[in-house]
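Work through the exercises below with the model open. Each task is followed by its solution.

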Amino acid sequence: GARLAAAARTDEDVATLRQLLGRRDELACGEDHAAFAAADAALHFAVVQASGNTVLTELYRGLTEVVAASVAATSVAHEPREIRHGGLIDAIAARDV
């Protein structure tokens, strides 16, 4: 989805991605694992939406709940929280496919 997003994204998509990334990063240091997981899932879903591919978007929409539950469960160990997404969002913004 990220390569497609880099090719198809709009300036509005980039603004949304940066806002969601900021929220995710804010929550990465906290103890609210469910809120972090929701913010992480929202960021990933926005990347898929920025691709402009409706089939991929609907497929991912169906997986979002499972992905968020997995992130919430594993974020207790802080593993996914250490994964930085800023480079991904920068690449999408720069249309770096």
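**Exercise 1.** In which helix is Gly-87 found?

Solution. Gly-87 is found in helix α5, residues 86-93. Helices are DSSP runs of H or I, at least four residues, numbered from the N terminus. Next, take accessibility: Gly-87 is exposed, because its relative accessibility is 52% and exposed means over 50%, buried under 20%, partly exposed in between (1.4 Å probe, protein chains only). Finally, its C-alpha atom is 22 Å from that of Asn-53, 34 residues apart along the chain.

The model is predicted: local features need pLDDT of at least 70, side-chain atom pairs count only at pLDDT 80 or more, and totals for chains, interfaces and linings use all residues. Residues are numbered from 1 along each chain as its sequence is written, and side-chain values use heavy atoms, without hydrogens and water.

**Exercise 2.** Which residues of α4 are buried, and against what do they pack?

Solution. Thr-57, Tyr-60, Ala-68 and Val-71 are buried. The buried residues of α4 pack against α3 (33-50), where contact means heavy atoms within 4.5 Å.

Methods:
Helix = DSSP H or I, 4+ residues; strand = E, 2+ residues; numbered from the N terminus.
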